[in-house]
Amino acid sequence: MVQNSSAFVVTRYTRQGKPNELYLTSVVVLMVELIKMAICLLLLLRDARGSVRELCAELQHHLWVERRTTLLLGVPALCYAMQNNLVFVAISNLSAAAAQVLYQLKTISTAFFTVLLLRRSFRAAQWVSFLLLMAGVALVQSEDGKSSSAPTGAAPWLGVSAALAAASISGFAGVFLEKMFTSGGTSLWMRNVQLGLFAIPLQCIAIAQVDGQRVMRRGLVQGFHTSTWVVVAVQVVGALCTAVVIKFAGNVLKTFATVLALLLTCGSSMVLFDFHPTQLFFEGIGLVCVSVWLYARPGDVSDVLGLCRRKESSPRSAPLRHIPDDVSEEELPPKDGHIVV
């Protein structure tokens with residue numbers, strides 16, 4: 001929860017200032033991939049009991065012998081590289097709260113690709129949650145244009161487009177990666193190494209195409225400060241936590257973490273960025289929170305509806321009939337449908 005919210009708030013905080021003095025977001029994404037790769041290799045070395053030879057044998061087997069699987073992982077690697085850059089564009093042109101809420105549309109794209117790729121189905125309550133999510137996002141975006149938290153010279157339409165594109169790509173990449181994770185017994189750290197083999201070169205190409213001239217003039221880490229490295233650290237933790245959550249966390253934990261992160265982001269934005277949400281904005285946040293809960297807990301809704309139906313269909317108890325003390329049962333026999341007390 002803390003990582004989910006802090007990623008948006010901290011990044012939004014570091015993107016304030018003159019454009020020429022800001023760090024290059026494409027370089028931050030590259031740093032995240034490099035550090036993540038190093039950490040995963042260290043974890044694999046630990047699993048190999050500190051034996052470099054055993055680690056090299058594992059890498060050779062998974063990267064070369066099973067190269068077909070490695071090549072397939074290039075698809076989500078490309079998607080995540082695009083997604084990471086689009087998220088930075090969204091945060092740079094929208095408030096932190098609005099960017100995060102818009103990004104929650106990945107729930108819909110995830111559902112769509114889950115049905116398409118994994119051949120799964122959803123309950124009625126989950127489809128209702130998708131409609132609530134879209135309504136909440138519409139309310140949030142309609143109020144974001146009135147907020148003073150957006151940076152000067154920002155392009156809200158660009159931020160919205162980037163957030164929607166990132167959400168769609170994230171849904172596809174997540175489902176594709178889940179399919180890869182469930183197709184074998186390879187560790188999550190090895191999967192991350194396989195992803196990094198594609199993500200790092202792709203990000204270097206993105207830097208050369210988008211920020212090549214600026215890198216040549218002022219260097220790769222231009223505009224980097226302590227807060228920038230905090231952003232890198234938060235993003236690295238998030239990437240590693242995603243792998244752990246996919247394997248260990250349940251729906252309840254993920255649902256509450258997402259909802260609390262949304263609320264925490266809104267509260268932090270009010271303090272740090274002079275963000276003044278309106279009643280409609282809070283209603284939109286509420287709809288998003290309810291939709292996320294419905295999506296993850298459809299069984300609770302079915303149980304409540306089933307209980308209500310059982311209560312309505314159960315026969316009512318017969319009313320009690322009181323007999324005064326001075327009247328005997330023989331003088332006042334019970335009527336049909338009454339219970340004598």
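Start by selecting Cys56: this cysteine is partly exposed, at 44% relative accessible area. (Buried means under 20% relative accessible area, exposed over 50%, and partly exposed in between, with a 1.4 Å probe and protein chains only.) Before you go on, note that this is a predicted model, where local features need pLDDT of at least 70 and side-chain atom pairs pLDDT 80 or more, while totals for chains, interfaces and linings use all residues. Residues are numbered from 1 along each chain as its sequence is written, and side-chain values use heavy atoms, leaving out hydrogens and water.

Now hop to Cys40, which is buried at 0%.

Next, pick Val28 and Leu44. These two have the most contacts inside the largest nonpolar core, a set of 26 residues. (Such a core is made of buried Ala, Val, Leu, Ile, Met, Phe, Trp, Tyr and Cys joined through side-chain atoms within 4.5 Å.) Color helices H2 (25-47), H3 (52-65), H10 (188-210) and H12 (226-248): each gives two or more residues to this core. H2 supplies the largest share, nine residues. Helices here are DSSP runs of H or I, at least four residues, numbered from the N terminus.

Zoom in on Val28: its contacts (heavy atoms within 4.5 Å) include Tyr23, Phe88 and Phe224. Apart from that core sits another of 20 residues, including Ile91, Leu133, Ala163 and Cys289.

Last stop: Leu294, in helix H14 (279-296). Leu294 is buried, at 11%. Show Trp127 too: it is 167 residues from Leu294 in sequence, yet their C-alphas are 8.9 Å apart.

Notes: Lists of a residue's contacts leave out its neighbours within four places in sequence.
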